[in-house]
Amino acid sequence: MELTGWVKNYDWGRKGIHSAVAQLAMANDPDFRLNEEESYAEMWMGTHICGVSVVKETGETLDRVLKKDLPYLFKVLSISKALSIQVHPNKCEAESLHKERPEIYKDPNHKPELAIALTPFVALVGFQPVEDIRDFIDEFQPLSKLIGKEAVDRLHQSPNSETLKLCYEKLMKSEEADVAKCIKDIVKNNQKELKSNKLLEVFNKVNSDFPGDVGVLSLFFLNLVHLQPGQAIYLGANEIHAYLDGDCVECMACSDNVIRAGLTPKYKDVEQLISSVIFEGADAGRKLFLPYHIDDHVQVYVPPVDDFAVIHVAIKHTVDTYKLQIQPYGSILITLEGSRTLRLNTSAGPKEIVLTRGSIVYIPVEAAPEIEFAPAEDCGENFTSYIATYNYFRKA
């Protein structure tokens, strides 16, 4: 089944044709009309109630056709300014939060997620080693003053997860006026220190987008990660993060639960974030999530959860037909570049679909044990696609 993705126009998305989401939406849906002044942030592919994909041929929503929800939600993101400082609840928390505040926490599911860069991509991921955070607090005196001598002294005496929590909680619960003054003082007095720590550009950009927001000061607590296309990060439950810039493919458990505490006009639930987040420092290099290679054309990102895995298919234009072995689970494929003829079995018999940039296809369980990528008429460039599926690789 060929699908139409669901486009989300959040303020942080890239505008007009500069958005990869808009580009893919134009290629995917002939009825899509581009507005150069509109922000195009996300394209959703799946069965989540907040953005269900539609079957092109019939106009039915995918959840109604399948008569069930897929365990994952697949997305493309195009980011121009920071997403919120956030964590995603674990399964137990998600059930409790949804029951207590369903208007904020939209479903009872956890939301581990994987982001794979399509362009150079910048994100804040997890806490830095506690000793590095301590050194930042010492170097930027307005920050030290804001957090307070007692908490900073305890961090020096015992640099561990407990004192990290104490300092970060003091920061996040500071009065807005005090936070704004701290940021203003850093801008005025610490340009040299920002530059030497390679934070000047990102600090100024985030502060420009969210002036005086407490999330700006999270730059001194969280790992700043720069990804190149194909590199990935995995965010488990309760891991603090914020995407800052770039385009990515994202896959997660079928959920829209986000606990926010900064860099957002949306509801901030600081108490819940402090309660949920894992206060554990680690080096930025440990945040990269590596795929494993099936062969020269396919690699797989296999997170430590059952809900989803992502298959990256990259076939050179010189290759004839490529056969991909799959298991009998419903999957969603999106084509990013090139053209191939997809051959697969369906309940109605064998089928061929010409894939081009923007093509989104639901691959049914009947397609197992293999699908074929055959040359298409216009096959002068390399072919790239991503496939979201149930994580059967963990059971292999």
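**A guided look at strands and helices**

Guide: Let's start with strand β24, which is covered on both faces: F383, S385, I387 and T389 are buried on one side, and T384, Y386 and A388 are buried on the other. Keep in mind that we're looking at a predicted model.

Visitor: What makes you say β24 is largely enclosed by the rest of the structure?

Guide: Count the residues. A residue is buried if its relative accessible area is under 20%. Seven of the seven residues in β24 (residues 383-389) are buried, so the strand is largely enclosed. As for the two sides, side chains in a regular strand alternate between the two faces of the sheet.

Visitor: How do you know that β17 and β24 pair?

Guide: The cut-off for pairing is at least two bridges. Seven bridges join β17 (residues 309-315) to β24, and the two run antiparallel, so they pass that test. One place to look is I315, which stands opposite F383 in β24.

Visitor: And what joins β19 to β24?

Guide: Five bridges, again with the strands running antiparallel. Since at least two are needed, that counts as pairing too. Here E337 has T384 of β24 as its bridge partner.

Visitor: Why are β18 and β21 called edge strands?

Guide: Look at their sheet, an open one of four strands in the order β18-β23-β20-β21, with antiparallel pairing. β18 (322-325) and β21 (349-355) each pair on one side only, and that makes them the edges. Ignoring direction, neighbouring strands in this sheet are turned by 25 degrees against each other on average.

Visitor: What makes β20 and β23 a pair?

Guide: Four bridges, in the antiparallel sense, link β20 (residues 340-346) and β23 (residues 370-375). A hairpin through two residues joins β20 to β21.

Visitor: Why is the packing of α4 and α6 called oblique?

Guide: Check the angle. Helix α4 (residues 130-139) and helix α6 (residues 149-157) pack at about 140 degrees, with their axes 10 Å apart. The crossing of α4 past α6 is left-handed.

Visitor: Which residues make that contact?

Guide: V130, R134, I137 and D138 from α4, and V152, L155 and H156 from α6. By class, that's four nonpolar, one polar and two charged residues.

Visitor: How do you know whether Q128 is buried or exposed?

Guide: Compare its value with the cut-offs: buried is under 20%, exposed is over 50%. Q128 has a relative accessible area of 7%, so it is buried. You'll find Q128 in the loop between β10 (121-127) and α4. Leaving out residues up to four places away in sequence, Q128 touches several residues, among them I133, F136, F220 and A282.

Methods: Residues are numbered from 1 along each chain as its sequence is written. This is a predicted model: local features need pLDDT of at least 70, side-chain atom pairs count only at pLDDT 80 or more; totals for chains, interfaces and linings use all residues. Side-chain values use heavy atoms; hydrogens and water are left out. Axes are lines fitted to C-alpha atoms, for helices over the stretch in contact, and angles run from 0 to 180 degrees between N-to-C directions. A crossing is left-handed if the near helix is turned anticlockwise from the far one by less than a right angle, and right-handed if clockwise. Contact means heavy atoms within 4.5 Å. Ala, Val, Leu, Ile, Met, Phe, Trp, Tyr, Cys and Pro count as nonpolar, Asp, Glu, Lys and Arg as charged, and the others, Gly among them, as polar. Buried means under 20% relative accessible area, exposed over 50%, partly exposed in between (1.4 Å probe, protein chains only).
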